[in-house]
Amino acid sequence: MANTISSIPFSGTKEQEEQLKQAIAAHKDQQGALMPVLQEAQEIYGYLPIEVQKMVADGLGIPLEEVYGVATFYAQFTLNPKGKYKISVCLGTACYVKGSGDVYARLSEALGIKGGECTADGKFSLEACRCIGACGLAPVLTINDEVYGRLKPDDVDDILAKYADR
Amino acid sequence: MYRSHVLVCGGTGCTSSGSEQIIKTLEGELEKTGLQNEIKVIKTGCFGLCALGPIMIVYPEGAFYSMVKPEDIPEIVSEHLLKGRIVTRLLYQETVTEDTIKSLNHTDFYKKQKRVALKNCGVIDPENINEYIAYDGYQALGKVLTEMTPEQVIDTIKASGLRGRGGAGFPTGLKWSFAAKNDADQKYVCCNADEGDPGAFMDRSILEGDPNVLIEAMTIAGYAIGASQGYVYVRAEYPIAVKRLQIAIGEAREMGFLGKDIFGSGFDFDLDIRLGAGAFVCGEETALMTSIEGKRGEPRPRPPFPAEKGLFGKPSVLNNVETYANIPQIILNGPEWFSSMGTEKSKGTKVFALGGKINNTGLVEVPMGTTLRTIIEEIGGGIPGGKKFKAAQTGGPSGGCIPAEHMDIEIDYDNLLSIGSMMGSGGLIVMDEDTCMVDIAKFFLEFTVDESCGKCTPCRIGTKRMYEILDKISKGKATMQDIDRLEKLAHYIKDNALCGLGQTAPNPVLSTLHFFRDEYVAHIVEKRCPAGVCKDLLNFYIREDKCKGCTLCARNCPVGAISGNVKEPHIIDRSKCIKCGACIEKCKFGAIEKH
């Protein structure tokens with residue numbers, strides 16, 4: 001999965017930094033604190049730019065390289081900001097045999113971006129995910145917390161149109 | 001006292017198809033009609049029949065409403081709940097008989113099932129510990145702590161013949177006895193709820209539908225091996241499961257089922273949740289433990305096995321959710337009860353997640369040894385659209401395919417291994433004649449390439465090379481020698497990779513090569529994809545005899561590759577066509593074909 005370093009300048013606020021410090025303090029003495037802290041950091045900032053990784057490293061007293069190593073190992077962590085609307089297309093086996101690959105390709109074409117990327121206006125980001133467990137609705141995609149199921153490639157335009165004015 | 005209970009499925013499948021909205025509408029309607037004190041609405045876990053969601057059952061009648069829409073609710077409330085007239089039109093049609101309704105247990109989907117691990121799913125409110133207790137919950141824990149020694153617990157599990165439900169099928173009692181033998185100041189009990197196998201969702205359903213069973217079983221395991229701390233490693237992608245488990249742990253602590261001096265026995269045990277972060281390799285036991293430690297989830301060589309040096313270097317036991325879900329009932333009903341189900345070497349039941357090209361997608365639990373035919377044709381209701389069964393895939397990216405000629409195989413650990421597949425966690429994806437086996441093998445290899453942690457060379461580079469060869473085959477650019485290379489590489493990776501992920505990664509290729517070699521050959525020699533999937537080998541044609549010249553296809557072609565006059569047969573310009581298939585979807589006359 002594409003996980004290159006973001007070129008978008010970091011714009012964290014004081015409140016966010018305060019929240020992160022609280023999260024670090026809450027987990028500091030716990031064994032294996034790094035993962036839960038990074039998970040909360042991503043909740044706070046939406047992604048894990050190098051600036052945030054540095055704060056986590058300093059706060060937990062862990063070398064930055066180790067923080068970076070963990071942040072780049074897991075698919076859930078992203079070094080890039082996501083779009084306002086995160087589109088995830090399920091490419092789990094059940095969805096795949098029912099044609100989710102075609103839905104994914106059509107979305108990529110319609111948005112002009114590849115998986116792991118974000119549109120220039122920051123509105124949509126596209127990614128593939130592995131099985132959200134709604135196999136009865138295959139093929140499925142999610143946009144933020146909204147689930148769309150039993151899809152055909154042709155449904156893509158109608159779905160995107162729903163977000164046109166939002 | 002309520003005169004009627006309405007159970008609405010709150011599992012992920014039904015939630016995705018809108019069951020939250022159903023519950024809200026239902027509660028609003030009940031208030032409007034003043035029935036809120038007579039009728040209780042309960043949000044349960046998964047019923048299993050996900051294809052028909054959202055699902056709702058009304059007791060005492062046992063009326064099973066399927067694919068419920070919010071606009072159906074006023075009618076169900078005013079007719080059924082107020083006046084006692086079941087709305088037959090909205091029932092799951094198989095339960096409708098001439099003068100009465102059939103119990104759910106007598107429908108084709110449920111009658112051959114035997115629910116042990118899923119016993120409480122869809123029956124109780126998972127967010128209320130009292131409902132679990134009312135269904136014998138925590139009785140097994142009480143019995144273990146007050147009447148049994150740790151050795152007796154382990155002997156009971158050994159005698160039951162329970163084997164790990166997560167993949168390889170290692171005997172659970174034996175695993176526990178290894179960890180029990182090793183002395184240490186601290187030991188750990190872990191649960192693998194990082195269900196990464198795409199298409200398997202039984203562990204999630206148990207967590208969502210019956211989280212207390214896991215807490216009870218892990219506490220029993222803690223007592224058996226002498227551990228005072230447990231960790232549940234759950235996928236972060238399962239928000240509903242995480243929330244319900246958190247609620248259940250909180251309630252269990254309050255009730256004294258977790259914490260200090262449980263049941264006054266002097267035994268202490270507590271549980272914490274750790275969230276996974278999307279790495280398939282963390283389903284491997286050593287990788288999972290490394291991940292709980294907050295590091296990159298890379299596996300390490302065994303020995304030392306986790307029973308000796310596991311989490312934080314201490315003796316640890318790891319089982320998956322479904323394995324644990326069997327434990328309390330084995331304790332309560334005795335090992336003989338459990339071992340009376342199943343085959344000689346695989347005891348009990350197994351939950352399968354039925355998906356793909358099958359009518360009744362969902363969760364099914366059957367005794368070990370049930371044939372694939374029974375699962376697919378009877379329980380699963382067959383293949384949609386009258387298509388032909390081609391193969392069932394089990395074991396996900398580590399498993400293989402079971403072709404039509406093996407449909408009567410009795411499914412258990414050993415039989416699946418003998419035909420080159422494996423039980424895995426129980427994903428069972430059905431494929432029909434429109435599924436290309438080369439494409440499926442490529443799909444799984446792409447998955448492993450993506451998920452390989454990169455620590456050992458055979459897996460990191462080997463799977464990538466295998467993927468490249470498969471890609472060549474699917475594009476018609478391979479030679480017959482490539483098949484030999486593919487096979488050689490596959491065996492080499494199997495023998496040399498560090499962990500289970502790499503060692504089993506070639507299975508989808510080896511199994512499809514074994515059963516569907518002719519399809520590989522067709523791609524290579526005839527440059528043809530028999531199932532019509534591999535795009536580079538396809539061409540789209542419009543049949544003159546069927547085309548009515550309605551222009552619909554031409555208007556929908558994204559690249560303007562279709563031309564023709566109104567009411568005259570159209571043609572496709574192959575140099576422009578990107579083979580997206582939009583025209584086939586739109587054509588009302590079936591005039592467009594690909595081959």
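What is the mean pLDDT of chain B, and what percentage of its residues reach 70 or more? The mean pLDDT of chain B is 94, and 100% of its residues reach 70 or more; pLDDT is the predictor's confidence in each residue, from 0 to 100.

## Model and conventions

This is a predicted model, in which local features need pLDDT of at least 70 and side-chain atom pairs count only at pLDDT 80 or more, while totals for chains, interfaces and linings use all residues. Residues are numbered from 1 along each chain as its sequence is written, and chains are lettered from A and ligands numbered from 1 in the order in which they are written. The scores of the model are ipTM 0.83 and pTM 0.91.

## Overall form of chain B

Chain B contains 24 helices and 18 strands. Helices (H or I, at least four residues) and strands (E, at least two) are DSSP runs, numbered from the N terminus. Chain B has a radius of gyration of 26 Å, close to the 25 Å that the globule rule gives for 595 residues, so it is as compact as a globular protein of that length. The radius is taken over C-alpha atoms, and the globule rule is 2.2 Å times the number of residues to the power 0.38. Along the principal axes, the C-alpha atoms of chain B fill a box of roughly 85 × 65 × 40 Å.

Of the 595 residues in chain B, 54% are buried. A residue is buried if 20 or more other C-beta atoms lie within 10 Å of its own, exposed if 12 or fewer, and partly exposed in between, with C-beta atoms placed from the backbone. Among contacts in chain B between residues at least 6 apart in sequence, 71% link residues at least 24 apart; two residues are in contact if their C-beta atoms, placed from the backbone, lie within 7 Å.

## Domains

Domain bounds come from an automatic or database domain assignment. For chain A the assignment gives domain 1 (14-73) and domain 2 (85-162), whose C-alpha centres lie 30 Å apart. For chain B it gives domain 1 (4-108), domain 2 (129-338), domain 3 (349-432), domain 4 (437-524) and domain 5 (539-594).

The centres of domain 2 and domain 4 of chain B, taken over C-alpha atoms, are separated by 34 Å. Nine residues of domain 2 of chain B are in contact with seven residues of domain 4 of chain B. On the domain 2 side, these residues divide into six nonpolar, one polar and two charged. Here Ala, Val, Leu, Ile, Met, Phe, Trp, Tyr, Cys and Pro count as nonpolar, Asp, Glu, Lys and Arg as charged, and the others, Gly among them, as polar.

## Contact between the chains

The contact takes 42 residues from chain B and 36 residues from chain A. On the chain B side, the elements that give two or more residues are α1 (12-16), α12 (285-292), β10, β14 (427-432), α17 (437-451) and α24 (582-586). By class, this side of chain B has 15 nonpolar, 19 polar and eight charged residues.

## The β10–β11 hairpin

Strand β10 (residues 349-356) of chain B is joined to β11(B) by six bridges, and the two run antiparallel. Strands pair if DSSP finds at least two bridges between them. β10(B) and β11(B) form a hairpin with five residues between them, and Lys350(B) has Val366(B) in β11(B) as its bridge partner. Six of the six residues of β11 (residues 362-367) of chain B are buried, so this strand is largely enclosed by the rest of the structure.

## Local backbone features

Most residues other than glycine have a negative phi, and most peptide bonds are trans. A cis peptide bond joins Ala138(A) and Pro139(A), with omega about -10°; Pro139(A) is in the loop between β2 (124-129) and β3 (141-143) of chain A. The bond from Arg302(B) to Pro303(B) is also cis, with omega near -5°, and Pro303(B) is in the loop between α12 and β9 (316-320) of chain B.

Thr551(B), a residue other than glycine, has a positive phi near 70°. Thr551(B) lies in the loop between β15 (540-542) and α23 (552-556) of chain B and counts as partly exposed, with 16 C-beta neighbours inside 10 Å. Lys567(B), which is not a glycine, has a positive phi of about 65°. Lys567(B) is in the loop between β16 (562-563) and β17 (571-572) of chain B and is exposed, with 10 other C-beta atoms within 10 Å.
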